[in-house]
Amino acid sequence: MVRTPLTPWERERGERLGALLRAARGERSMVEVAAAAGLSAETLRKIETGRAPTPAFFTVAALVGTLGLSLDEVAALAAPPAAQPAARASGGAAA
C-alpha cells in the first residue's frame, strides 16, 4: 500500500503536537513518560520530533492522559487553520 504524502499542514500539525508534548513532559525523561503511556521511548521520540506527525488516536490519548493534558486542548491544536477561529469563538474545539 502506498501512503499519500503528507500536506504541509499535516507536517506542521505534527511538529506542533510534538512541541506540546515536549513542553508537557517537562523534566520527566522520555523513557519514564513513554513507559507510563504504554509506548516505546522511540515512538515518543518520533512524535516529539515530528518524524511521526500522524500518530494513532489511542497513542495520543495515552500520552495526553499520562501528561495531564486534555484531549480538547490537543484537538484545538490539530484543527485546520480555517477551523481554529470558529473553535475559539464558540468556546469549543473542532474535532
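Predicted model: local features only at pLDDT ≥ 70, side-chain atom pairs only at ≥ 80, totals over all residues.
The protein chain has 95 residues, and buried residues make up 27% of them. Its secondary structure comes to 6 helices and 0 strands, and reading along the sequence gives the pattern α-α-α-α-α-α. The protein chain exposes about 5,800 Å² of surface, of which carbon and sulfur atoms supply 60%. Among contacts with a separation of 6 or more, 57% are accounted for by residues 24 or more positions apart.

Confidence should be kept in view when reading the model. The average pLDDT of the protein chain is 86, and 86% of the residues score at least 70. By element, confidence is highest in helix H2, residues 30-37, with a mean of 97. Helix H6, residues 84-90, is where confidence is lowest, with a mean of 50.

Helix H1 covers residues 8-25, and Leu-20 is found in this helix. Which residues does Leu-20 contact once its neighbours within four places in sequence are left aside? They are Leu-69, Glu-73, Val-74 and Leu-77. Of these partners, Glu-73, Val-74 and Leu-77 fall within the 71-78 range of helix H5. Leu-77 stands 57 residues from Leu-20 along the chain, yet their C-alpha atoms are separated by 8.9 Å.

Helix H3 takes in residues 41-49, Lys-46 being one of them. Is Lys-46 buried or partly exposed? Lys-46 counts as partly exposed because its relative accessibility is 29%, and a residue must be under 20% to count as buried. Apart from its neighbours within four places in sequence, Lys-46 is in contact with Arg-51 and Ala-52. Another pairing looks back along the chain: Gly-18 lies 28 residues away from Lys-46, with 8.5 Å between the two C-alpha atoms.

Ala-52, the contact partner of Lys-46, sits in the loop between H3 and H4. Ala-52 has a relative accessibility of 24%, so this residue also counts as partly exposed. Beyond residues up to four places away in sequence, Ala-52 touches Lys-46 and Ile-47. Ala-52 is also 9.0 Å from Arg-11, C-alpha to C-alpha, although 41 residues separate them in sequence.

Why does Thr-59 count as buried? Its relative accessibility is 18%, and the class of buried residues takes values under 20%. With neighbours within four places in sequence set aside, Thr-59 is in contact with Leu-39 and Ile-47.

The last stop is the largest pocket, which holds about 280 Å³ of space. Its lining consists of 13 residues, and the closest to its centre are Arg-13, Leu-17, Val-60, Val-74 and Ala-78. H5 gives the most, with 5 residues. By class, the lining has 10 nonpolar, 2 polar and 1 charged residues. Val-74, listed among the residues closest to the pocket centre, is also one of the contacts of Leu-20.

How values were computed: Residues numbered from 1 in each chain as written. Heavy atoms only, no water. 1 Å grid on protein atoms, 1.4 Å probe; cavity = no way out; pocket = protein on both sides within 12 Å on 5 of 7 lines; lining within 4 Å. Points joined across faces, edges and corners; volume = space filled by probe spheres on them. Helix = DSSP H or I, 4+ residues; strand = E, 2+ residues; numbered from the N terminus. Nonpolar A, V, L, I, M, F, W, Y, C, P; charged D, E, K, R; others polar. pLDDT = per-residue confidence, 0-100. Buried < 20%, exposed > 50% of the residue type's maximum accessible area, 1.4 Å probe, protein only. Contact = heavy atoms within 4.5 Å. Areas by Shrake-Rupley, 256 points an atom, 1.4 Å probe, with all protein chains shown as cover.
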